[in-house]
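Here is a quick, friendly tour of how one fold is put together. Have the viewer open and follow along.

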Amino acid sequence: MAQRDLTKEVMYEGVKTLVEAEADHIHLPQQKLYTLFSLAFNYLLFMSSKKPGHYIIRVEDSYLLEKLMRKSKDQTSRKFLQKLSLPRKFKYGNAIFHLDFFNLSTWANTNEIPKEKIQAALIVKNAHKSPIGHDFSDIEDEAVLETLKSLPANYYLSSLQEFVPKTIAIAFEEEFDKSQKIKFPFIKEDDSQKTVKGVSIASDINIDEI
């Protein structure tokens, strides 16, 4: 895996771009999920050294978390996520990082953090869209079910933007009204088809997932 990690130069340029961004809420819309996560996460580590406090990592689900632990494009991100995965809380310097998922039942611990002490949040959505949207089929309480169904489409992000001063959302083919898109020039846009060893691969197949 290490031979595919980002170079120090690329990591520096990526983090520098995020440091210099003036927007409070940033959307990284490109398709290279694991590259974007490494850049955004290292930015949070840098930010945490300047602004002690609490930082939230919100990942779509445990399946995506497991992929990020294996495929993120730098060793620091991979090792940090392994330490953070259980018990979903990890102290780093003068900052504390917290992990939760899009599922509201995992928000209990992060909801207890004093809002004024939260410095930033990184939200990571899988590159593949769910064909069924929110799945609340396992909820039996009708009142809770109605509340969940009334949630906005991007509740996993908008709920944080209400009180977190800095958010970075990694989400391919999504639109967020309150976020500014940032694209890294060293990440090339995918063509309609890619050719790998003489075989054409359609653009809707993510080579990073293979």
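## A helix across the sheet

In this predicted model, helix α2 (residues 33-50) lies across β1 (25-28), β2, β3, β4 (95-101), β5 and β6 (167-170). Relative to β5, helix α2 runs at about 175°. The points below take you through the sheet itself.

**Sheet layout**
- Seven strands form an open sheet with mixed pairing, in the order β3-β4-β2-β5-β6-β1-β7.
- Which strands stand at the edges? They are β3 (89-92) and β7 (180-181).
- Each of these edge strands has a single partner strand, so one side of each has no neighbour in the sheet.

**Pairing of β2 and β5**
- Strand β2 (residues 53-59) runs parallel to strand β5 (residues 118-124), and six bridges join them.
- If you are looking for a landmark here, Ile57 stands opposite Leu122 in β5.

**Pairing around β6**
- β5 pairs with β6 in the parallel sense, over four bridges.

**Burial of β6**
- Are the residues on the faces of β6 buried or exposed? Thr167 and Ala169 on one side are buried, and so are Ile168 and Ile170 on the other.
- Both faces of β6 are therefore covered, with buried meaning under 20% relative accessible area.

Conventions: Residues numbered from 1 in each chain as written. Predicted model: local features only at pLDDT ≥ 70, side-chain atom pairs only at ≥ 80, totals over all residues. Heavy atoms only, no water. Pairing = 2+ DSSP bridges. Helix = DSSP H or I, 4+ residues; strand = E, 2+ residues; numbered from the N terminus. Contact = heavy atoms within 4.5 Å. Axes fitted to C-alpha atoms, helices over the stretch in contact; angles between N-to-C directions. Buried < 20%, exposed > 50% of the residue type's maximum accessible area, 1.4 Å probe, protein only.
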